[in-house]
Amino acid sequence: MTIAFLNGEFMPLAEAKISPMDRGFLFGDGIYEVVPTYDGAPVGFKGHTARMSDGLSAINIDNPYTPEQWREILDTLVSKNSTHFSTGNIGIYFHVSRGADVKRYHAYPTGVTPTVFGFAFEIAPPQPTNKQSAKALKVALEEDKRWQRCHIKSTSLLGNVMHFQAGADAGVNETILFNSEGMITEASACNVFMVKDNVITTPPLNHQLLPGITRAIAITAFKNAGLDVKEDWFSKEDLLNADEVWLTSSSKEVAAVTEVNGKQIGEGIVGPVWEKAIRAYHAYKFDA
Ligand code: PDD
């Protein structure tokens, strides 16, 4: 049984109960984070707590905890769950919803206490550092049908879930999304990078995509390693004609994609720039 955190207390996950009137349940009215940890060391903790603060203030919920308090909850969840998992690769989920009101009414209520929830789950091991051992992903490609505030890490994930499900139905690992102008935004639960002629490109931040913490760490890591990386829009045609395509997320780190919508990318194998990139990422990730 894993141990969860709910409203100030640690308890077995099965005993963590909330009201059905919770606005997280009724409206998806909340913010969440997923922080990866390896043998107890989190990656991007500062970035995750800063993004959570930004998300909470964007929807007028007071952040219930300081970064130091979040860190204490994270460390406790990791240590209380460490014997439960067979590896030290543990993801920590944090979730703050607006809380339970007595009635269902769309406007933000006053005097309601936010619900704070956290739990631990096993994540994939760190990516290998050579391309022969790396898992190659296949993805679908769809027009982005989500809302206009994708920079907020909201628990209202139905749009993302539907895009991810389309990929799952097609037997692939993820779904990359393009906007009405045919430009790539992100994937249903990852950011997207492409490589052409040794230049690494990822879409710039705006309301159409989540400011991924892995994305930010990767950009700095690539620059530190002298790789050529830029933030710029690229089209689905550019993506399909890229030498390499990668996804980034807290659970996938930097993952190579070798097939998009049934079309082979580059040579159809994990590429040489990925190998440099993942080494740069590993060299920097715990310093971010
Ligand atoms: N997904 N874009 C979207 C839509 C995401 O949901 C995520 C993360 C990312 C990558 O963000 P980060 O590098 O900070 O994990 C990009 C998480 C892992 C999830 O929903 O489980």
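This is a predicted model: local features need pLDDT of at least 70, side-chain atom pairs count only at pLDDT 80 or more; totals for chains, interfaces and linings use all residues.

Student: What makes Lys 285 and Glu 253 a salt bridge?

Tutor: The rule asks for a side-chain nitrogen of Lys or Arg within 4 Å of a carboxyl oxygen of Asp or Glu. Here the N to O distance is 2.7 Å, and the pair qualifies. Lys 285 sits in the segment after α7 (272-284) and Glu 253 in strand β14 (residues 253-260), so the bridge ties together parts 32 residues apart in sequence. Glu 253 is buried too, at 2% relative accessible area.

Student: What about Arg 279 and Glu 275, which salt bridge distance do they show?

Tutor: Theirs is 3.9 Å, N to O, and it still makes a salt bridge. The two are four residues apart in helix α7, so about one helical turn separates them. Arg 279 has 43% relative accessible area and is therefore partly exposed, while Glu 275 has 16% and is therefore buried.

Student: How many salt bridges does the rule give?

Tutor: Eleven. One of them joins Arg 146 and Glu 186 at 2.9 Å, N to O. Those two are 40 residues apart, with Arg 146 in the loop between β7 (137-143) and α4 and Glu 186 in strand β9 (residues 184-187). Both Arg 146 and Glu 186 are buried.

Student: Back to β14. Why is it described as largely enclosed?

Tutor: Seven of its eight residues are buried, so the rest of the structure largely encloses β14. Strands here are DSSP runs of E with at least two residues, helices are runs of H or I with at least four, and both are numbered from the N terminus.

Student: How do you know which strands pair with β14?

Tutor: Pairing needs at least two bridges found by DSSP between two strands. Strand β13 (residues 244-249) meets β14 over five antiparallel bridges, with Leu 247 opposite Ala 255. Those two strands form a hairpin with three residues between them. β7 pairs with β14 in the parallel sense over three bridges, and Lys 138 stands opposite Glu 259 there. Strand β15 (residues 263-264) pairs antiparallel with β14 over two bridges, where Glu 259 faces Gln 264. In the two-residue turn of the β14 and β15 hairpin, Asn 261 has a positive phi of about 55 degrees.

Student: What makes β2 and β4 edge strands?

Tutor: Six strands form an open sheet in the order β2-β1-β6-β5-β3-β4, with antiparallel pairing. β2 (9-12) and β4 each have a single partner strand, so one side of each lacks a neighbour in the sheet.

Student: And what makes strand β3 (residues 30-38) mostly covered?

Tutor: Nine of its nine residues are buried. That holds on both faces, including Tyr 32 on one side and Glu 33 on the other. β3 pairs antiparallel with strand β5 (residues 89-97) over nine bridges, and Tyr 32 stands opposite His 95. Strand β4 (residues 41-42) joins β3 antiparallel through two bridges, where Tyr 38 stands opposite Ala 41.

Student: Last one: why is Leu 158 called exposed?

Tutor: Its relative accessible area is 59%, so Leu 158 lands in the exposed class. Leu 158 belongs to helix α4 (residues 158-169).

Conventions:
Residues are numbered from 1 along each chain as its sequence is written. Side-chain values use heavy atoms; hydrogens and water are left out. Buried means under 20% relative accessible area, exposed over 50%, partly exposed in between (1.4 Å probe, protein chains only).
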